[in-house]
Amino acid sequence: MVGAILSVAASMASVMLGCLDGCYCIITEALRIHPSTGLILERCTPKGGVTLHGKYIPEDTIIGVNCWVVNRDKGIFGDDAHSFRPERWIDRDPKDVARMRTNMFTFGAGARNCIGKNLAMMQLTKIIVELYRNFQITLVNPDKTWKVSGGWLTRQTDIVSVLRQFNLQLRARGE
Ligand code: HEM
């Protein structure tokens, strides 16, 4: 009896871990395809300047890279870098996945990268799991293109969706 319970518990745990892996891949892919910051992550060149890719940049120059550009680099994320494909975090060669993880730029990189990354990932995973556990979420107009506005933070609008919980239906005001 105990053996049977343990075996059911083990298979449930493996299903739950599988779901969590899937959820983590979806969140990571969403953060890759739509990073929050839309401007470059600024750095100042050091005393004496710096030579990057053969080009000299004088000291005290503000330079930076945009997350949207790095995160869609086909050389790192594959030829389908412009597509939302969470499976890439599971089905690609482990070496490629490790490279993708190292190069994903959503939380920045180097000495000034985001110190809240792990906390943010934990919060996102909990929120997304609870949201989909409690609600059935559907887009009102699945074919309509979302609007994305650029700036320090990138924002989406026109994502009208319906959340259903039991008999409850929530709609955004003004619909
Ligand atoms: C999805 C959520 C988040 C995203 C996308 C994000 C993204 C970023 C980015 C792009 C940077 C600049 C990194 C760089 O220049 O290389 C940054 C820095 C920073 N983030 Fe976050 N962040 C998130 C959540 C958080 C949370 C939850 C905290 C704190 C609890 C946090 C604290 C910080 C701090 C303190 C810095 C400055 C680090 C430094 O300059 O040394 N972030 N974040």
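Ala30 is located in helix H1, which covers residues 2-33; helices (H or I, at least four residues) and strands (E, at least two) are DSSP runs numbered from the N terminus. The structure is a predicted model, in which local features need pLDDT of at least 70 and side-chain atom pairs count only at pLDDT 80 or more, while totals for chains, interfaces and linings use all residues. Residues are numbered from 1 along each chain as its sequence is written. Ala30 is classed as partly exposed because 15 other C-beta atoms lie within 10 Å; a residue is buried if 20 or more other C-beta atoms, placed from the backbone, lie within 10 Å of its own, exposed if 12 or fewer, and partly exposed in between. Arg85 is 55 residues from Ala30 along the chain, and their C-alpha atoms are separated by 8.9 Å.

The protein contains 6 helices and 9 strands. Of its 175 residues, 7% are buried. Contacts (C-beta atoms, placed from the backbone, within 7 Å) between residues at least 6 apart in sequence include 53% that join residues at least 24 apart.

Nonpolar side chains tend to be buried together in soluble globular proteins. Here the largest nonpolar core has 6 residues, namely Cys67, Trp68, Phe77, Met100, Met104 and Phe105. Such a core is a set of buried Ala, Val, Leu, Ile, Met, Phe, Trp, Tyr and Cys residues joined through C-beta atoms within 7 Å. Apart from residues up to four places away in sequence, Cys67 touches Pro35, Thr37, Phe105 and Thr106. Arg88, in helix H4 (residues 88-91), is buried because 20 other C-beta atoms lie within 10 Å. With neighbours within four places in sequence left aside, Arg88 is in contact with Glu29, Phe77 and Gly78.

Two residues other than glycine have positive phi values. His53, with phi near 50°, is found in the loop between strand E2 (50-52) and strand E3 (55-57). His53 is exposed, as 4 other C-beta atoms lie within 10 Å. Asp60, with phi near 65°, lies in the loop between E3 and strand E4 (62-66). Asp60 also counts as exposed, with 10 C-beta neighbours inside 10 Å.

The ligand is surrounded by 15 residues, of which the closest are Leu41, Gly108, Cys114, Gly116 and Ala120; a residue is near a molecule if its C-beta atom, placed from the backbone, lies within 6 Å of it. This shell has 7 nonpolar, 7 polar and 1 charged residues, where Ala, Val, Leu, Ile, Met, Phe, Trp, Tyr, Cys and Pro count as nonpolar, Asp, Glu, Lys and Arg as charged, and the others, Gly among them, as polar. The unreviewed UniProt entry places the feature "binding site" at Cys114; UniProt positions are given in the numbering used here, feature names are shortened, and annotations may be inferred rather than shown by experiment. Cys114 lies in the loop between helix H5 (94-103) and H6. It is partly exposed, with 15 other C-beta atoms within 10 Å. Beyond its neighbours within four places in sequence, Cys114 is in contact with Phe107 and Gly108.

Helix H6 (residues 117-134) has 18 residues and reaches 26 Å from its first C-alpha to its last, close to the expected 26 Å. The expected span is 1.5 Å times one less than the number of residues in the helix.

Definitions and conventions:
Contact = placed C-beta atoms within 7 Å.
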